[in-house]
Structure formats: structure tokens, C-alpha cells
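This report describes selected packing and pairing features of a predicted model. The sequence and structure are shown below.

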Amino acid sequence: MGLLKSLVATCLLLAANPIFAQDTITNQTDTAAAIAPSEKGFDAGEVIMHHIKDSHSWHFYDRSAPDGSESAVAIPLPIILYTDGHLDIFMSSAFDEGKKTVVRGGGSREYILHHDKIYLAENGQLKHDEHGAVLNEAPLDLSITKNVASLMLSAILLLWIFIATANGYKKMGQVPTGLRGFTEPLILFVKDEIAVPNLGEEHYRKYLPYLLTLFFFIWVNNMLGLLPMGANLTGNIAVTMLLAVFTFIITNVSGSKHYWKDIMWMPGPPVFVKPIMTVIELIGIFTKPFSLMIRLFANITAGHIIVLSFISLIFIFKSVLISPVSIVFVLFMDVLELLVAALQAYIFTMLTAMYIGMAVKGGEE
Amino acid sequence: MDLVTPQIGLLFWTVLIFLVLVFLLAKFAWKPILNMVEERTKNIEDALNSAENAKKEMAGLKAENEQIMKEARAERDKIVREAREMKDKIIEESKETAKAEADTILAQARKLIDDEKRAAMNELKDQVASLSIEIAEKILTKELSDKKKQAELIDDILQQSNLN
């Protein structure tokens, strides 16, 4: 898999270069100084950042035409924009990789794609400040981006796998055969090793559907992200933030009287320490999900960065001879990332169960 | 900074899709799967329990069978013994009865013989007496046919009587 991934990622990287070249061409027409660096050659940082960030199209590779021009081979994705009460829907191919602007509403709204972000253009141009930051306003962007498409794909995949599992019991009896031989131990693992020990026999039933969904959602998306051309969904701060927010809401909504009493007026320490403890505990309510968010985001993103860095070595050294080293390292990293994919799903679910467990348990100890 | 700035679009779709996913999976996957697993756990427990019970029952049955066999054997021995005793007794009794019968018959036969003998003797006596009388009559008739002889006899008898 690592080999395959490095091969395809190589294609990706090869493909990525011309994109920046095109951006440079666009930027040269701007009044502000061009920020794209690709004129000077290969910039690993830019390429890697481009890969781990979201995109408005699902890009595979670039194809060179005999006349020297290059075109991207990519799946165009729907762009959904909301500007001043108007909803504009079109395909990302309309931007032609940022070379064209899209005009809607009889010329009242002109959209421009710049570094995978959509802005409202003024006369087909972008305004930059002296640091190269874009000054134009951005519309409310609800597009089906690469991450959203990957999210939908993973949702369908999860539904397919687990509804097939559930139907298997109805059709083929209670003995877990085939797919169920794989899924059932995992489901029972989440139930018996994560939910029951942390939540207790009397509470776990209520939270088990959320924990199971969380575990498989994170795991499957981690692994989809490892696939060549896969989206970096679980390494996206928006996704990890929302998962952490769900955990935060569930934890505090189901908090028992005992849980809140422990936070507001902790029994045990002397009275003058108690207000300090209250402040610490109140901060703790937020730091717990915050750590969940950062942990998953950082782990997955870092993994992607390392894998891409090893591949970039080939282009930095401009030599094929370095590729065996790259391939060995990438292979090693990919195997490690497979472990991390499962491990991070486990840790996120485990900690969520622990936080909820702490909140729902009464003062029995 | 882009990397740690959540995009509104992705937030929106993630909330929507994740919540729908939780709902659909909970309804169509987790609930049936967990129910089935629970049911199966119960079935296995029941099966194990019933197997254990059956084993115990079997052991009980076996012991009971052995007890019954033992009793049956004892019963058989008793019956055989009793039969033998009965047989011996019957034989003994029949022997005694037969002996008594034989004795009775013998006694009766003897008595009968005695009676017959006596009767025969009596008849013989009677016949002898009547024969004697007849002979005496004939002799007398012949002896006393002349007068001389009659007188002699009378004298003789008289003489004898006088002597007495």
C-alpha cells in the first residue's frame, strides 16, 4: 500500500507543481507582489500544505498537452455559495483551476478562486495588502469540497458496512460469519473495553451508539485519508472540533448533580482553596474537549506531513536515486499511520467515554 | 493559520452528516446488532445451563437405574428362593400326603382282608357245621335203621350221661 501510495503521491506532487505555476501567472497580473514561490522550483512546504488542506475539486494529476500546456485531471465538485441572500450553485470546473472567474446574478456577483478559497472579485481581480493577504470579501461557502465529498463517502461506507452487518444477523442467524466475523469483534471491543468499563453497566447503553459511531467514523476516515488521493478529513480542525464539541455537549448535558457539585464546590480541600479549584475545574470542562480536538488533528496532520516530506525528498534532491530511501521510509510511515489511525480512534472514543463516565456517575465512591 | 481555521462549509456539512450518521447507524445498525448479540449471549447461557442440567439429570437417572436394577436383582433372588422353598415344601407335603394316603389304603385293605377272612371263616364254619350235621344225620339215619342198634345207642348215651 505504501508503495502504491508513494507512486500516486509522486504523481500528485508532480501535478501540484504546475498548479502553482498557473497561480503565479494569475498573480503576476495582480497589483500586489506574487506570493507563489514555484518560479524558484519545488517548494515542499507549499505542496504539503496544499495536500493536507481542503480543496474545491478532487484533483488526481495533471496532463501535459503536446503544445506544452497542462490541464488537471480532477473530479469537479459542486460549489454552493450564499451571498447577500442569493444562493449560487455551480460546478468547480467553472473556475477552470482558478484561471476564470464565475459571474452570477447578471454581473452583480463575480467569484474568483484563489488558493482554494473563493472570494468576491472586483473586475475579475483580487486586492492584496502589502503582506500579500487578500482583502476581498468572501461569500458564505457551503461547497461540497473534497473533504465534504470524502465525508459523504465515508458515511455511505459506514452505513453500508454496518447495515450489512445488522442484516447478516437477520438473514444468516446468530453465528458471525463473513463480514460479521470482522465487524462484530470491533463492535464488542468498543462495548466491552471502552463503554462498559468507563460508563458502568447502568449508563453505557444510552451512550453506546454515539461511541460506536465516533470510533468507526474516526477510524474509517483516518484510513481513507491514508489512501492515495484521499482527503485529510480527520486532520482537519473543523471536523475534530465538531467531534470534540459533540463530546463536550453530551458530557455536560448528562452531567449529574454530583458532577456539578464537584466542579463548583469540590469536597475535600480547605475552604480557601475551593474557589481556586472551581476556576480550575471550570477551565477543565473546556480543556478536555479542546485536547481531544488538537490531539486528533495534530496526529493525523503530522502523519500526512511526514509521509509527504519523505516523498518530497525525491524532488528536493532532484534525483531518482533517493527514491528507494523515500519508499522505505514512506512504507514504514504508512504502516505506522495505519496503527495511528486505529489508535487515535480508540483514544478519542476512550477519552470521550471517560469524560461522559465522570459526568454521569453519582457520588458512589 | 489557514490550517487551524475551521471553514464554515465543512463545519456545516460535518454537523449535518455526522448527526444523520449517528441517527441512521443507531437505528439500523447498532440497535439490531447489539440486541442480537445480547440475545445470543442469553441463548448461549441458557444452552450451557440446560446442558449442565441435562448432565445432572442423566447422572441422577443413572443412579436411579442402578438402584432399580439392584432392587430388581434382589427381588429376583428372593422370588427364586421362595419358589425353591415352595417347591421343597410342596414336595414334602405331597410326600407326606401320599404316605398317609398309602397308610390309610393299606389299613383299609388289611381290615378288608381281615373282614373277608373272618366272613370266609364263618361261612366255612357254617358249612362245616351243616356238613357235620348232614353227615351225622346220614350216619344216624343209617345207624338207627334197625331197632337193635337204636337200643344200643341209647344205652351207650345213657351210660355216658350217668357217668357225668
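In chain A, helix 6 contributes Leu243(A), Thr247(A), Ile250(A), Thr251(A) and Asn252(A) to a contact with helix 9, where the partners are Phe348(A), Thr352(A), Tyr355(A), Ile356(A) and Ala359(A). By residue class, this contact of helix 6 with helix 9 of chain A comprises six nonpolar and four polar residues, with no charged ones.

The axes of helix 6 of chain A and helix 9 (residues 323-360) of chain A come within 8 Å and cross at roughly 20°. Because angles under 35 degrees count as roughly parallel, helix 6 of chain A is described as roughly parallel to helix 9 of chain A. The crossing of helix 6 of chain A past helix 9 of chain A is right-handed.

## Contact between chains A and B

The contact between the chains draws 34 residues from chain A and 28 residues from chain B. On the side of chain A that touches chain B, the elements giving two or more residues are strand 8 (140-141), helix 3 (146-172), helix 4 (179-199), helix 5 (204-226) and helix 6 (237-253) of chain A. Helix 3 of chain A gives the most to this side, with twelve residues. The residues on the side of chain A that touches chain B are divided into 24 nonpolar, seven polar and three charged.

Strand 3 (residues 78-83) and strand 4 (residues 86-91) of chain A run antiparallel and are joined by six bridges. Thr83(A) has His86(A), in strand 4 of chain A, as its bridge partner. The two strands, strand 3 and strand 4 of chain A, form a hairpin with two residues between them, and Asp84(A) in the turn has a positive phi of about 45°.

Strand 3 of chain A also pairs with strand 8 of chain A, in the antiparallel sense, over two bridges. Here the bridge partner of Leu81(A) is Asp141(A), in strand 8 of chain A.

Three strands of chain A form an open sheet in the order 5-6-7, with antiparallel pairing. Its edge strands, strand 5 (102-104) and strand 7 (117-120) of chain A, each pair on one side only. From one strand to the next, the twist averages 30°.

Within this sheet, four bridges join strand 6 (residues 109-114) of chain A to strand 7 of chain A, and these strands run antiparallel. Tyr111(A) stands opposite Leu120(A), which lies in strand 7 of chain A.

Note on methods
Residues are numbered from 1 along each chain as its sequence is written. Chains are lettered from A and ligands numbered from 1 in the order in which they are written. This is a predicted model: local features need pLDDT of at least 70, side-chain atom pairs count only at pLDDT 80 or more; totals for chains, interfaces and linings use all residues. Two residues are in contact if their C-beta atoms, placed from the backbone, lie within 7 Å. Ala, Val, Leu, Ile, Met, Phe, Trp, Tyr, Cys and Pro count as nonpolar, Asp, Glu, Lys and Arg as charged, and the others, Gly among them, as polar. Two strands pair if DSSP finds at least two bridges between them. Axes are lines fitted to C-alpha atoms, for helices over the stretch in contact, and angles run from 0 to 180 degrees between N-to-C directions. Angles under 35 degrees count as roughly parallel, over 145 as roughly antiparallel, 65 to 115 as roughly perpendicular and the rest as oblique. A crossing is left-handed if the near helix is turned anticlockwise from the far one by less than a right angle, and right-handed if clockwise.
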